[in-house]
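I opened the model to look up its helices, its cores and a few single residues. My entries are in the order in which I made them.

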Amino acid sequence: MSDNKKMHLMQDTENMNNWFEEKTIITKTDIVENTQFSSNQEFNNEETLSINNSKLQVKSSQLIIQYFDKINLKEIDPITVLNKREKLSFEKGFDIIVDETNNLIFKLLSKGIGWQSLEDQVIDYFNNHNINLQEIYNWLLYYQNDSNSIFLFGYFNYRGIGTNVNKKKAFNLFIDESKKNHILAQHFTRDCYEYGNGTIKSKKLAIEYYEKVANKNFPYGQFETGYCYFHGIGTKKDLKKAFYWYDKAVNNGNIVAMYNLGHCYKEGLGIKKDNNKAFELFKQSAEGEYPSGITMLGYCYGEAFEYYQKSANLENMIAQFLLGVMYEYGEGITKDIGKAIYWYKKFSKKGYQSAQNKLLKLQNINNL
């Protein structure tokens with residue numbers, strides 16, 4: 001290779017627009033698989049690439065240059081690109097981003113936020129930090145340094161964020177990290193077993209993972225364990241155990257468990273019937289923006305239009321939302337889509353996704 005060609009090679013490497021899309025970590029196996037050698041052509045082990053402490057080291061740059069033209073890869077300098085990656089990784093603080101994203105997922109799941117809303121908020125987090133999804137995905141592809149980065153890489157594959165959905169790959173990543181007691185990895189391993197995502201469906205194994213995270217005080221795991229006992233999923237139906245785990249999850253702020261425990265009190269399931277307790281739990285669930293909790297709160301109030309109207313005018317968010325529901329469906333009052341949109345708008349301005357979704361739906365249907 002000429003000196004001029006080497007110079008252009010270095011320039012091309014420095015000017016790469018997408019430094020993650022290149023297949024840059026080259027090992028002895030890569031070279032053997034992509035190069036045609038005659039029977040008398042061999043690599044001397046002392047002249048090939050070796051990996052020391054998980055970092056690529058080149059012992060003979062002349063040998064690499066000699067064979068670059070024969071390899072089915074773009075001509076690049078692996079050391080230069082690796083250094084560039086490390087520099088960009090440091091500048092963008094991807095390691096911090098990974099930890100913060102794990103914390104965000106943990107917090108949202110603990111509260112009981114639904115899967116799609118969870119994914120939307122994770123993506124919003126990256127957008128707010130000016131991070132392209134493909135960029136963070138590729139960083140995770142190359143830098144799986146700890147349990148948080150490996151779990152997040154699995155989550156990206158599980159939900160198809162920055163890549164195509166690959167649940168088998170996600171399951172393998174989850175189960176490996178679950179063995180290291182990573183709570184989120186254990187939670188998602190449970191989901192894989194329950195629905196047969198990326199592995200063989202097993203309700204029995206699912207309940208084992210439910211209880212693992214529940215015993216670690218993970219609120220969503222506590223709620224799900226209660227749900228399994230309530231419905232007899234993967235275990236014998238046991239309403240007292242269901243109540244026990246629902247109560248644990250409620251004390252840790254899970255809005256779905258609040259709703260389910262409210263039903264236990266309302267119907268006397270696993271506990272003595274108590275309508276006052278049921279009402280308080282439905283109210284807490286509604287205040288946490290759980291749709292079913294909001295609906296049940298309205299049910300408890302009964303014909304409470306005047307109450308809703310007064311509270312809504314005093315900027316009570318739940319009352320504004322419920323007024324929108326009443327006007328949308330004509331429950332207890334004359335149906336009025338215009339007024340429904342009005343109240344959903346007031347509620348959605350406070351940033352609540354449930355009202356925003358209803359607002360968009362009504363506007364699209366009515367071309368408003």
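The entries below go from the whole chain to single residues.

**Entry 1: ground rules.** I worked from a predicted model, in which local features need pLDDT of at least 70 and side-chain atom pairs count only at pLDDT 80 or more, while totals for chains, interfaces and linings use all residues. I number residues from 1 along each chain as its sequence is written, and my side-chain values use heavy atoms, with hydrogens and water left out.

**Entry 2: the whole chain.** I counted secondary structure as DSSP runs numbered from the N terminus, with helices being H or I of at least four residues and strands being E of at least two. The protein chain comes to 20 helices and 2 strands. For burial I used relative accessible area: buried is under 20%, exposed is over 50%, and partly exposed lies in between (1.4 Å probe, protein chains only). Of the 368 residues, 45% count as buried. I took accessible areas from the Shrake-Rupley method with a 1.4 Å probe, and for residues only the protein chains shown count as cover. The chain exposes about 19800 Å², and carbon and sulfur atoms supply 47% of that. A contact here means heavy atoms within 4.5 Å. Among contacts between residues at least 6 apart in sequence, 52% join residues at least 24 apart.

**Entry 3: the cores.** I looked for nonpolar cores, that is, sets of buried Ala, Val, Leu, Ile, Met, Phe, Trp, Tyr and Cys residues joined through side-chain atoms within 4.5 Å. The largest has 67 residues, of which I105, Y155 and F156 touch the most other members. Helix α14 (residues 255–267) gives the most to this core, with 8 residues. Apart from it I found another core, of 22 residues, including L322, M326, F347 and L362. In soluble globular proteins, nonpolar side chains tend to be buried together.

I then listed the partners of Y155, leaving aside neighbours within four places in sequence: I105, L118, E119, V122, I161, F174 and F188.

Entry 4: I136 is in helix α7 (residues 133–142) and is buried, at 0% relative accessible area. Not counting residues up to four places away in sequence, I136 touches F94, I97, F126, I131 and F156. I also noted that I136 and I161, 25 residues apart in sequence, are 9.8 Å apart C-alpha to C-alpha.

N130 sits in the loop between α6 (115–128) and α7. N130 has a positive phi of about 55° although it is not a glycine. Its relative accessibility is 67%, so N130 counts as exposed. Most residues other than glycine have a negative phi.

**Entry 5: Q186.** Is Q186 buried or exposed? Q186 is buried, with a relative accessible area of 1%. Q186 belongs to helix α10 (residues 183–195) and touches S178, N181, Y209, K212, V213 and K216, residues up to four places away in sequence not being counted.

Entry 6: Helix α13 (residues 239–251) has 13 residues and reaches 18 Å from first C-alpha to last, close to the expected 18 Å; the expected span is 1.5 Å times one less than the number of residues. Its buried residues are A242, F243, W245, Y246, A249 and V250. Their cover includes α11 (203–214), α12, α14 and α15 (275–287). D238 caps the N-terminal end, with a side-chain oxygen 3.2 Å from the backbone nitrogen of K240. Just after α13, G253 takes a positive phi of about 90°.

G226 is in helix α12 (residues 219–231) and counts as buried, at 0% relative accessibility. Leaving aside neighbours within four places in sequence, G226 is in contact with A242, W245 and Y246.

**Entry 7: α15.** Which residues of α15 are buried? They are A278, L281, F282, S285 and A286. Seen down the axis of α15, the buried residues fall within an arc of 140°, so they line one face of the helix; the arc is that of the directions from the helix axis to the C-beta atoms. What covers them includes α13, α14, α16 (291–301) and α18 (317–329). At the start of α15, a side-chain oxygen of D274 reaches to within 3.1 Å of the backbone nitrogen of N276.

E289, in the loop between α15 and α16, has a positive phi of about 75° although it is not a glycine. E289 is partly exposed, at 22% relative accessible area.

Definitions and conventions
Polar contact = N/O pair within 3.5 Å; in protein donor to acceptor, adjacent residues only side chain to side chain.
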